[in-house]
Amino acid sequence: MEQTTHRSAAVRDGLGVGLAVGLSGVAFGAAAVTAGLTVPQACVLSLLTFTGASQFALTGAVGAGGDLVAATLGALLLGGRNTLYGLRLAGLLRVRGPRRLLAAHGVIDETSAVALAQPSPEAARTGFTVTFAGLYVTWNLTTLAGSLGTSSLGDPGVLGLDVVGPAAFLAILWPRLAGSAELRRLAAVAAAIALCATPFLTPGLPVLLSAAAVLVVSAR
């Protein structure tokens with residue numbers, strides 16, 4: 001009975017997080033089209049990348065005129081944290097065979113948080129699966145809606161939609177920054193590095209440089 005209660009709670013947690021966070025895909029779709037991506041490109045990025053902060057970072061760098069390679073490397077650095085989540089979740093989820101590839105695709109902040117918050121391994125696996133499924137479907141549907149809606153407006157910059165990407169990226173990061181003084185210090189250092197490098201490097205490279213510097217400091 002207790003196990004059933006835990007699993008039911010995990011389903012509620014997963015659906016709540018998946019639907020709530022997934023709605024921000026509208027902002028990503030709008031930001032992607034504003035940055036110059038087509039609707040299919042925005043949708044493929046959500047389907048294959050599926051990690052919000054990295055997607056916003058990539059489109060932001062591209063929208064600023066940055067080099068695609070530098071923008072991609074910056075997004076990969078941001079997404080690197082999911083590897084650490086995967087190491088933490090591997091023993092808990094106990095996924096075997098080809099399904100590990102699918103499970104790895106779903107290892108992001110939200111699925112990890114829901115899974116690790118559960119009181120039992122069974123509830124953790126349920127929470128992870130429900131969060132992944134709900135968030136993946138919602139995120140991709142809202143990416144499509146946001147990109148289609150923005151592409152129909154002509155020039156999104158005229159309506160001020162070019163600020164959607166940076167604003168949404170900040171909204172994703174803010175809860176983490178608000179809860180950790182150490183992260184706020186790291187963010188301040190990264191911002192200072194990027195600002196100092198901006199006059200001397202092409203767009204996209206300052207973000208890559210600051211992200212690399214933060215990773216080096218964090219690993220010490």
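Modeller: Ile 193 lies in helix α11 (residues 181-197), where helices are DSSP runs of H or I with at least four residues, strands are runs of E with at least two, and both are numbered from the N terminus. This is a predicted model, in which local features need pLDDT of at least 70 and side-chain atom pairs count only at pLDDT 80 or more, while totals for chains, interfaces and linings use all residues. Residues are numbered from 1 along each chain as its sequence is written, and side-chain values use heavy atoms, with hydrogens and water left out.

Biologist: Is Ile 193 buried, partly exposed or exposed?

Modeller: Buried means under 20% relative accessible area, exposed means over 50%, and partly exposed is in between, with a 1.4 Å probe and protein chains only. Ile 193 has a relative accessible area of 26% and is partly exposed.

Biologist: Where is Thr 51 found, and which residues is Thr 51 in contact with, leaving aside neighbours within four places in sequence?

Modeller: Contact means heavy atoms within 4.5 Å. Thr 51 sits in the loop between α3 (39-48) and α4 (52-63). With that sequence exclusion, its contacts are Arg 81, Asn 82 and Ile 108. Thr 51 counts as buried, at 7% relative accessibility.

Biologist: How do the axes of α6 and α8 cross?

Modeller: Axes are lines fitted to C-alpha atoms, for helices over the stretch in contact, and angles run from 0 to 180 degrees between N-to-C directions. Angles under 35 degrees count as roughly parallel, over 145 as roughly antiparallel, 65 to 115 as roughly perpendicular, and the rest as oblique. The axes of α6 (residues 81-93) and α8 (residues 109-116) come within 10 Å and cross at roughly 30°. That makes α6 roughly parallel to α8.

Biologist: Which residues make the contact?

Modeller: From α6 come Arg 81, Asn 82, Tyr 85, Arg 88, Leu 89 and Leu 92, and from α8 come Asp 109, Ser 112, Ala 115 and Leu 116.

Biologist: How many salt bridges does the count come to?

Modeller: A salt bridge is a side-chain nitrogen of Lys or Arg within 4 Å of a carboxyl oxygen of Asp or Glu. The count comes to one salt bridge. Arg 125 forms a salt bridge with Glu 122, with the closest N and O atoms 3.9 Å apart. Arg 125 and Glu 122 are three residues apart in helix α9 (residues 121-151), so about one helical turn separates them. Arg 125 is partly exposed at 23% relative accessibility, and Glu 122 is partly exposed at 29%.
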